Amino acid sequence: MFTARCLVSGNATGTALVITHPLCISGGVGVLLGEIKDSQSPHFGLVINGKILVMPRGRGSSTASNALAELLRLGIGPKGIILLQVDQILAIGSIVARTLYRTACPVVVADLADYNQISTGDNITIQPDGLFSINFPEVVRSNI
Amino acid sequence: MLVLEDRDISMLRGDEGHSRQLAMEIIVELGKALDAPCLVDIASVHIDGCVYAGRAGLEFTELLSQGGAQVKVPTTLNVGLLDLLRPRLWAGSLDTANAARRLMALYVAMGCQPTFTCAPYQLPKRPLFGSHIAWAESNAIAFANSVLGARTERYGDSFDILAALTGRVPNTGLHVTKNRRAEIVFRLQDIPKRLLAEDVFFQVLGYYVGFRAEALVPAITGIPQSVTEDQMKAFGAAAASSGSIALFHFIGATPEALTIDSALQGAKGVPEIFVTMQDIIRTKDSLISDNLGQLSAVSIGTPHFSITEFDALRTLLDSRSIHPSIAFYVTTGRYVREQIQSLGWLSELELAGVQIVTDTCLYFAPLVNFRGDTVLTNSAKWAHYGPDHQGVKVAFGSLAQCVESAIAGKLVLDADLWLDVHS
């Protein structure tokens, strides 16, 4: 178990998507598929829908909060968010969606050492107290 | 441990109605998560949530406005998605227009002033030095913190209205003196004096600093004391586009940075970056799309054009007219529009072929179908967001280049401006 600071509490389990280049959710994510459409992002085309989004922080516009709430309303947002730095704008987006649609998208802030343990594809569980666990994917075994 | 005052608890209990109760619940939840010791009174709010970005924002605003809830502190509004003074300028769907209009009206009904500008610092009443405020809209946040010395966190849509309904925010982040110190220093090296006087230089410098500083508070040395508010506006807007800059210090020019020591609050060993002409030119070139087509539009006024910028535009136009093949847009706030109208400049500019757009912003609002066009702007923020939002190719240059190109009907280069020579 890794401890993290909880900005928005909730349960989530999902596959990690690690984003190195801070993502501007407002305009940077498609509202049909939840795909990253920021042409300047090295993660262009990856889908955040249903993932545990792992990124250092959000970027840019104040509109990111309502943009995150809209993705959650449409059911194409992330299942949870793990950050390195406090980001009130993303936290409020998750709270707005919870208030209106009862969606749970926990937002937690991890320490660098713990954060660095996470790789894309890991299975992550976030608990309401902010603790999270990483289940590293098992090597797929072929049937003998 | 968040310590609440009686009036906070009273709002939490619902004594002032359901909307303020919900607002205070969320503020307290965030305050606890952020380890704030207490809440702080704010003198004003600038709301960004009035720009329509989907049903979620609209439905949250509808929920809060139920029961006639009113804001508690003077509250201004950022741009919306359409120009309410020129509603025919619209290329989006009717549903979106109606939702966008409804959202703007809901905020006005809650007691917000219909300012509809991203440059609230151009309005007559500005926040005082050291006062706590809750402003959203990234460029306005940067200007309020850096140029006015007021104190605001980087607030987002939907939190802004909670702050307005209660007049309270968690006392954390940039509300606290120690978090306002410079964390990285940029030293201008051998930048020609001639360029240091140009507004467009500050666009490019801001874009570079935002990219390098990311979320740190930057201090910049080598800025002339003659730096103008328009130039600081340009810098902040650009830095808040390429990075998450909410506060910057121009040493010797901005109020919390009379000296480098005061900006650093005595901190030692802060990382330093030297900014050369090569960095500036590379950054400027990065703002220009590949394979530009025939120029079809010029869009300036991101952030909203000021009176001094309108004056510069008139001087540059020098009684000449925009070429008929070019659509020339200037975005500004209603207040500034009224000012230029009373000065007689509005009709003069309109006669020259300039289209004044208020209440909104052209890099994202669907007012004009720009798709596939080549648009020239003097704004790094426009150049940053425009290609993805509007599907355009972007050329970037000075206001003079924008005007000369618009008159000529084609892109006019201004390579001389960027020459690495001192004159």
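I looked up the domains and found chain B divided into domain 1 (6-175), domain 2 (181-285) and domain 3 (288-412). These bounds come from an automatic or database domain assignment. The model is predicted, so I kept local features to pLDDT of at least 70 and side-chain atom pairs to pLDDT 80 or more, while totals for chains, interfaces and linings use all residues. Residues are numbered from 1 along each chain as its sequence is written, chains are lettered from A and ligands numbered from 1 in the order in which they are written.

**Domains 1 and 3 of chain B**

Their centres, taken over C-alpha atoms, are 28 Å apart. I count two residues as in contact if their C-beta atoms, placed from the backbone, lie within 7 Å. Nonpolar covers Ala, Val, Leu, Ile, Met, Phe, Trp, Tyr, Cys and Pro; charged covers Asp, Glu, Lys and Arg; the others, Gly among them, are polar.

**Chain A against chain B**

Here 33 residues of chain B meet 31 residues of chain A. On the chain B side, helices H2 (18-33), H3 (55-65) and H15 (380-390) each give two or more residues. Helices are DSSP runs of H or I with at least four residues, strands are runs of E with at least two, and both are numbered from the N terminus. H3(B) gives the largest share, six residues. By class, the chain B side splits into 16 nonpolar, nine polar and eight charged.

**Helix H12 of chain B**

Which residues of H12 (307-317) are buried? I found B:Glu309, B:Phe310 and B:Leu313. Buried means 20 or more other C-beta atoms within 10 Å of a residue's own, exposed means 12 or fewer, and partly exposed lies in between; C-beta atoms are placed from the backbone. Just after H12(B), B:Asp318 takes a positive phi of about 50 degrees.

**A contact list in chain A**

I also checked A:Ile82. Leaving aside neighbours within four places in sequence, its contacts include A:Ala4, A:Val108 and A:Phe132.
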